[in-house]
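Please look over the sequence and the structure shown here before reading the notes that follow. They are grouped by topic.

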Amino acid sequence: MGHVVPANVSTSVQAMHRYMCNPAPPVATASASASASRSHSRPLLPPQLPSDAGARCADPSDRAAAAPGDKSKILPVKMPICSCEETIHEFEMLTRDAGRVQKDTLKKILELNADAEYLKKFGLNGRTDVESYKSCIPLCVHSDLEPYIHRIADGDSSPLLTGKPVTSLSLSSGTTQGKPKFLPFTDELLETTLQIFQTSYAFRNRKYPIGRGKALQFIYGSKQVVTKGGILATTATTNLYRRARYKEGMKDIQSQCCSPDEVVFGPDFNQSLYCHLLCGLIYSDEVHQVFSPFAHSLVHAFQTFEEVWEDLCADIRGGVLSEKVTVPSIREAVTKILKPNPELADLIYKKCMGLSNWYGVIPALWPNAKYVYGIMTGSMEPYLKKLRHYAGHLPLISADYGASEGWVGANINPTLPPEQVTYAVLPQTGYFEFIRLEKPEGEETENSASIHYIESEPVGLTEVEVGKIYEVVITTFGGLYRYRLGDIVKVAGFHNSTPELRFICRRSLVLSINIDKNTEKDLQLAVEEAAKLLDAEKLEIVDFTSFVEKSSDPGRYVIFWELSSDASEDVLRSCANCLDLAFVDAGYMGSRKIKAIGPLELRILKKGTFKEILDHFLSLGGAVSQFKTPRFVSPLNVKVLQILNRNTTGSYFSTAYGL
């Protein structure tokens with residue numbers, strides 16, 4: 001589908017001005033069909049932004065420059081409805097002068113939040129230049145902001161972190177481990193989200209154009225809580241979905257989920273998943289894309305499809321929803337669109353019977369789908385092999401780079417495989433700094449934990465160097481100032497003057513007993529190496545996690561695997577040895593050689609163990625599309641350890657360093 005470029009497509013001046021112009025007033029919260037007691041959804045990754053054939057643009061006359069001192073006109077722009085080509089044109093303009101855009105963006109953030117107690121505490125005194133900001137405001141982590149966030153949650157409406165009162169908090173939990181973190185959520189973050197999504201969609205649609213249609217989206221609800229001070233706290237994406245402005249933005253660029261809201265916001269995950277699949281099949285000819293926030297959710301959805309496809313066919317054949325769907329609101333909503341269609345049921349049945357081990361099930365059943373989309377980097381990489389199996393010839397496109405704290409970059413190279421994806425930083429969405437991380441002489445691995453790195457002073461967005469490793473520091477419109485994200489990235493190159501980043505890993509330490517230090521990425525690489533031994537037996541690792549066993553002396557690493565089928569004893573013993581040798585951290589290897597760390601133990605789990613862990617996560621109020629398998633289980637996570645130990649069927653100790 002071609003794109004219509006409006007006659008008043010932005011000049012470079014208009015493009016530069018757009019990120020500085022006046023937004024519309026905040027939009028009132030949508031009531032939606034889900035009540036406040038009903039849960040909403042997910043991590044900070046809403047569905048992608050499909051195109052609209054008729055492109056409309058904001059009238060340049062509406063973009064009046066802000067009068068001096070007029071803080072009402074320095075918010076991020078309310079995203080206009082534009083063609084993909086205009087969006088790309090504006091992105092090019094902004095990234096050609098990223099350094100100046102960064103300075104202007106910081107100025108806007110500091111003007112908007114000049115009255116914030118946090119900024120006054122450090123003596124910024126209304127200054128907005130980069131030099132004063134860096135000299136006055138220290139680097140921070142979440143614990144530094146917790147006293148302010150607690151006051152917000154308790155109902156303090158004074159300007160603490162932002163100039164305007166914070167009316168919503170985002171809940172970031174990530175996995176079953178640790179306590180949830182609260183973060184401010186503001187209208188400005190909503191606009192930043194739309195800018196990121198519109199940009200990545202424009203580049204995606206240039207390569208894989210889609211017309212009017214629907215998206216098969218596996219998105220689910222999460223619970224909302226109201227704090228003591230009456231502030232609504234929920235996942236960042238739920239905060240987006242609650243706003244009419246977000247829904248308006250998604251509709252404008254035509255992202256229509258196959259499922260009604262009652263399915264998305266339903267209280268029972270398994271029933272919602274079943275109905276997502278059913279609605280997707282009902283609208284199978286209209287589906288142009290398949291999406292879920294995380295690759296894990298996509299794999300789980302199609303593993304479920306393998307089990308329930310015949311029930312789905314029966315529902316479609318008779319036009320009667322399965323009795324397993326018991327939630328009244330879901331039943332009512334889905335029944336309205338479910339009509340008897342024996343021809344479609346026969347077609348689905350025939351296609352499913354013709355598949356070989358479910359290879360290519362997505363393009364087989366959704367023939368007009370152009371791609372599969374979601375976060376596929378970091379801890380999601382282990383699911384790519386299975387997802388490619390389901391996707392067949394369809395490309396996998398990794399979604400944009402962000403977190404509950406805010407957005408970092410957009411994927412403007414959609415043809416790159418997820419393992420090679422890079423993210424171009426949008427310089428108008430926040431102020432970015434990068435802490436150079438250098439490995440001491442003798443350290444050979446790129447993915448070592450934080451203690452391995454020598455830190456340098458933070459540098460600006462345009463000052464990073466290609467090939468170097470950095471930790472990301474962000475300043476947002478939503479009250480985070482020089483906030484350390486804890487993400488390690490590598491600068492892969494530049495697009496104009498903005499860097500393209502490759503996500504490496506979280507900086508947090510995962511496995512350590514003695515002087516050994518291994519991260520989630522180190523664990524992932526070790527598992528991938530050992531998994532090669534399973535290929536000959538046509539086995540797959542369904543999922544994995546780890547634990548440090550310190551109750552014995554010396555302590556040891558314990559790796560848990562759930563396999564697709566049974567493996568021979570010899571192969572599993574070889575896998576244990578391979579895992580042990582694959583941890584190439586010098587501290588680990590040295591400790592193993594002198595027996596300061598004991599032999600690695602590989603434990604095999606019953607089928608369905610990680611499903612049980614997911615169910616536990618959901619029982620705590622989490623959303624399935626927010627779930628990430630914990631790659632390391634803390635001794636304090638007693639319930640998950642009980643699940644793992646209860647489901648262990650075999651144990652294999654490494655002999656790689658001798659007995």
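In this predicted model, an open sheet is built from 4 strands that pair in parallel and follow the order 3-6-7-8. Its edges are strand 3 (214–217) and strand 8 (396–398), each of which pairs on one side only. On average, and with direction ignored, neighbouring strands of this sheet are turned by 25° against each other.

**The parallel sheet in detail**
- Strand 3 runs parallel to strand 6 (residues 287–294), and the two are joined by 4 bridges.
- Within this pairing, Gln 217 has Phe 291 of strand 6 as its bridge partner.

**The hairpin of strands 18 and 19**
- Strand 18 (residues 541–549) is largely enclosed by the rest of the structure, because 8 of its 9 residues are buried.
- A hairpin of 6 residues leads from strand 18 to strand 19, and the two strands pair in the antiparallel sense over 8 bridges, with strand 19 spanning residues 556–563.
- Asp 543 has Glu 562, in strand 19, as its bridge partner.

**Helix 21 and what covers it**
- Val 640, Leu 641, Ile 643 and Leu 644 are buried in helix 21 (residues 638–646); they cover an arc of only 160° around the axis, which puts them on the same side of the helix.
- The cover over the buried residues of helix 21 includes strand 18 and strand 19, together with strand 20 (601–605), helix 20 (609–619) and strand 21 (648–653).

**Salt bridges**
- Across the whole structure, a search finds 28 salt bridges.
- One of them links Arg 556 to Glu 601, with the closest N and O atoms 2.9 Å apart; because Arg 556 lies in strand 19 and Glu 601 in strand 20, the pair ties together parts that are 45 residues apart in sequence. Both Arg 556 and Glu 601 are buried.
- Lys 107 and Glu 111 form another salt bridge, their closest N and O atoms being 2.7 Å apart. These two residues are 4 residues apart in helix 3 (residues 98–112), so about one helical turn separates them. Lys 107 is partly exposed at 38% relative accessibility, and Glu 111 is also partly exposed, with a relative accessible area of 24%.
- In the salt bridge between Glu 438 and Arg 436, the closest N and O atoms are 3.5 Å apart. Glu 438 is partly exposed, with a relative accessible area of 33%, whereas Arg 436 counts as buried at 17% relative accessibility.
- Asp 97, Arg 100 and Asp 104 are linked with one another in a network of salt bridges.

How values were computed: Residues numbered from 1 in each chain as written. Predicted model: local features only at pLDDT ≥ 70, side-chain atom pairs only at ≥ 80, totals over all residues. Heavy atoms only, no water. Buried < 20%, exposed > 50% of the residue type's maximum accessible area, 1.4 Å probe, protein only. Pairing = 2+ DSSP bridges. Arc of directions from axis to C-beta. Contact = heavy atoms within 4.5 Å. Axes fitted to C-alpha atoms, helices over the stretch in contact; angles between N-to-C directions. Salt bridge = Lys/Arg side-chain N within 4 Å of Asp/Glu carboxyl O.
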